[in-house]
Amino acid sequence: MRLNKLIEQLEVKKLEGNTDIEINNLHYDSRQIQPGGLFVCIKGFKTDGHLYIQEALKKGAVAILASQDVNIEGATVVQVEDTRNAMAFIANKFFNKPSLYLDLIGVTGTNGKTSVTYMIKKILEEAGKKAGLVGTIATWIDKVKIDAVRTTPEAFDLQYLLNRMVEEKIDSCVMEVSSHSLELGRVEGVNFKVGIFTNLTPDHLDFHDNLENYKNAKKKLFYKTSLCNVINIDDKVGKEIVEDLKDLKTCIFTYGTTQKSDFTASSIKFTSKEVSFKVVGPMDFDIDIKLPIPAMFAVYNALAAITCCYCLQIPAEVIKRGLNEFSGVPGRFEVVPEIQQFSVIVDYAHTPDALENLLKSTREFTANRIITVFGCGGDRDQSKRPIMGEISGEYSDFTILTSDNPRSEDPNIILSMIEEGIKSTKGNYIIIEDRKEAIRYAIKEANKGDIVLIAGKGHEITQVIMDKVIVFDDRLVAIEVAREEGRL
Ligand SMILES: CC(=O)N[C@H]1[C@@H](OP(=O)(O)OP(=O)(O)OC[C@H]2O[C@@H](n3ccc(=O)[nH]c3=O)[C@H](O)[C@@H]2O)O[C@H](CO)[C@@H](O)[C@@H]1O[C@H](C)C(=O)N[C@@H](C)C(=O)N[C@H](CCC(=O)O)C(=O)O
Ligand SMILES: Nc1ncnc2c1ncn2[C@@H]1O[C@H](COP(=O)(O)OP(=O)(O)OP(=O)(O)O)[C@@H](O)[C@H]1O
Ligand SMILES: N[C@H](CCC[C@H](N)C(=O)O)C(=O)O
Ligand SMILES: [Mg+2]
C-alpha cells in the first residue's frame, strides 16, 4: 500500500520526504527489518526505537514513523505525537481492517481470560463456525496452531493475524485482551463485537502503579464493542464497571451466582473430578452443565462463555453440548494422570486471587494434605510475592517455595520476599530454589489422599533464568521425578 494512503486521516505533526512510495511491511524492531518496510520508532521502557533509525535505513526501510524530530537527509519521515497509536492505526489500514470481517470477542480481567477463550472456541465450533483464538498459550486459526510470544500481540502482529484469519475464511475469533495491550494501544482501531470482563484483583501493579489505573486500562475494552459487554457482577470491580458503563449505548449482560445477574449459576456441586451446575437466563434459558474442572472459577468462566454465546445467538442446546464436551485447558487445573499413588495438579495460578481460589477449591475434595509448590516470576509485580506466601501458608498443609521464571532477578531475593508472607502464618514450609528439586521433594513427601499442587507455570514449557531459556514443563518434570523416586 502507498504511504500517503496509509497515513490519510492520521494526525501528522510533520512530514519530510516523498510519501508517494510503496510500503510492503511494517516493523517496530530494527532487527526484523526487510527492504521496503516502514520502521516505527517506539520509545520503550528499556530503550528507544529512535536510536535504531540508521540501522533500519541500512537494512532497507524506506520510511520512518517517529515521535521526535529526526532530520535525516533524503529520508521519508512521518512525525506523529504517539507512534504506538499511529502504528495501530496504520496496521489496521495496511491489512484492510480485518476485525470488521470477523465476529470478534475480547476477554479481559486478571484471571480466567485463557480459560474463557478456550470454552468459547469450543462452543463456536459446536455451532459449526470456523473459529480463531488469540491468547497466552497460542494463536489458533481453526485447527492450525501458531506459537504466541505475548498474550495480546503488538498492533502490527495482531492485525496480521486477524487478516490471516479473514483470508482463511474464519468467521469468529475470540481473543484475550491484556491490560498491557489496552494501555499500550495494541488494540486501537480493533472492532470487537462482544467484550467480556472476568474479574479484577491485584496484579501488574509494577506496570499500572495502582488498582484504579489497572481497572481503567481494562475498562477501555468496553468502549470498543459494537454488540454487547458481558460482565461478572459477583466481582466488586465488575459491579463498578456496570455502573460506569450505564450511559453507553452497547447493551450489558451480567453473570454471577445471585439472582441479580442476567445469567445465574445455581445448584453447584463438586466431586473430586468435576463440577456440575445449572444456569438460568433470559427467555427461559435453562441448561445443566458438567465440567471436568472441580473449581469454583470454572463455574465463573463457563458463565462468561455462556453469556457471550447467548449474545451471539447460539442456541442453548448447542452451548450446553459444547461445554459438556469441554476437556479443559492445558495447564489450568491439569491433573497429571500418570501419577496414581496421590494426585498431582498443575495450575497457572500466578496471582494472589488465583492461588487463593485454587487452594480453596482443592480443599473441597482433598482427603488428606495439600502440598503446594510455587514461586513468583521475576521482573514482574513484586507486591504480590508476600501476599501469595501468606495465602499458601494459610491454605496449604505444606509449601515448597521455589523459583518460577526468575528472569533477570536473583531468585533468592524473590524467595525471601515470598517468605516474608508465609512466615507471618502458621504454615509449614521449606525453600528449595531449584524447581525440579522442589517438585521432587513434594512427590517424595506425598502419601495416599494427598494432593500436590504445582502452581504458577501451567502450560509453560520453559523456565527463564537470566538470559537463558531452559526447557521446563511442570507436568513432565513431575512424571520424571515420580518415576525416579518409584512413585508412579
Ligand atoms: C511492558 C511491555 O509490555 N513491554 C513491551 C514493550 O517493551 P519496551 O517498551 O520495554 O521496549 P524496549 O525494549 O524499550 O524497546 C523499544 C523499541 O525499540 C525497539 N528496538 C529495540 C532494540 C533494537 O535493537 N532495535 C529496536 O528497534 C523495540 O522493538 C521496541 O519497539 O514493547 C516491546 C516491543 O513492542 C514489547 O516486546 C514489550 O513486551 C515485553 C516483552 C513484555 O514482557 N510484556 C509483557 C509484560 C506483556 O505485555 N504482558 C501482557 C500479558 C499480561 C497478562 O497476561 O497478564 C501481554 O499481553 O503479553
Ligand atoms: N475466573 C477465575 N477467577 C479466579 N481465578 C481463576 C479464574 N479462572 C482461572 N483462574 C486461575 O487463574 C489461573 C490462570 O487462568 P487463565 O490462564 O485462564 O487466566 P488468564 O487471565 O488468561 O491469565 P494471564 O493473564 O496470565 O493470561 C488458573 O490456572 C486458575 O488458577
Ligand atoms: N502473563 C503473566 C504470566 C505470568 C506467569 C508466571 N509464570 C511468571 O513468569 O511470572 C505475566 O507475564 O505476568
Ligand atoms: Mg491468559
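Me: Helices here are DSSP runs of at least four residues and strands are DSSP runs of at least two, both numbered from the N terminus. With that settled, where is Ser 178 placed?
Reply: This is a predicted model. In it, Ser 178 is in the loop between strand E10 (172-176) and helix H6 (179-183).

Me: Is Ser 178 buried or exposed?
Reply: Ser 178 is buried, because 23 other C-beta atoms lie within 10 Å and the cut-off for buried is 20 or more.

Me: Which residues is Ser 178 in contact with, leaving aside neighbours within four places in sequence?
Reply: Thr 151 and Thr 152.

Me: Which residues does the UniProt "binding site" annotation cover?
Reply: The unreviewed UniProt entry lists Ser 30, Thr 151, Thr 152, Ser 178 and Arg 186 under that annotation. These residues spread over 157 residues of sequence. They are spread in space too, with up to 25.0 Å between C-alpha atoms.

Me: OK, Arg 186. Where does it lie?
Reply: Arg 186 lies in the loop between H6 and strand E11 (192-197).

Me: Why does Arg 186 count as buried?
Reply: Because Arg 186 has 25 C-beta neighbours inside 10 Å.

Me: And what is Arg 186 in contact with, beyond four places in sequence?
Reply: Thr 152, for one, which the UniProt record also lists.

Me: Switching topic. Which residues are around ligand 3?
Reply: Thr 151, His 350, Gly 377, Arg 380, Asp 404, Asn 405, Gly 456, Lys 457 and Glu 460. Thr 151 is also in the UniProt "binding site" annotation.

Me: What domains is the chain divided into?
Reply: Domain 1 covers 3-94, domain 2 covers 98-324 and domain 3 covers 334-484. The centres of domain 1 and domain 3, taken over C-alpha atoms, are separated by 44 Å.

Me: Now Ser 396. Where is it found?
Reply: Ser 396 sits in the loop between helix H13 (384-395) and strand E20 (398-401). Ser 396 is buried, because 27 other C-beta atoms lie within 10 Å.

Me: What is Ser 396 in contact with, again leaving aside neighbours within four places in sequence?
Reply: Leu 359, Ile 370, Ile 371, Thr 372 and Gly 427.

Terms used. Residues numbered from 1 in each chain as written. Chains lettered and ligands numbered in written order. Predicted model: local features only at pLDDT ≥ 70, side-chain atom pairs only at ≥ 80, totals over all residues. Near = placed C-beta within 6 Å. UniProt positions renumbered as here; feature names shortened; annotations may be inferred. Buried ≥ 20, exposed ≤ 12 C-beta atoms within 10 Å, placed from the backbone. Contact = placed C-beta atoms within 7 Å. Domains from an automatic or database assignment.
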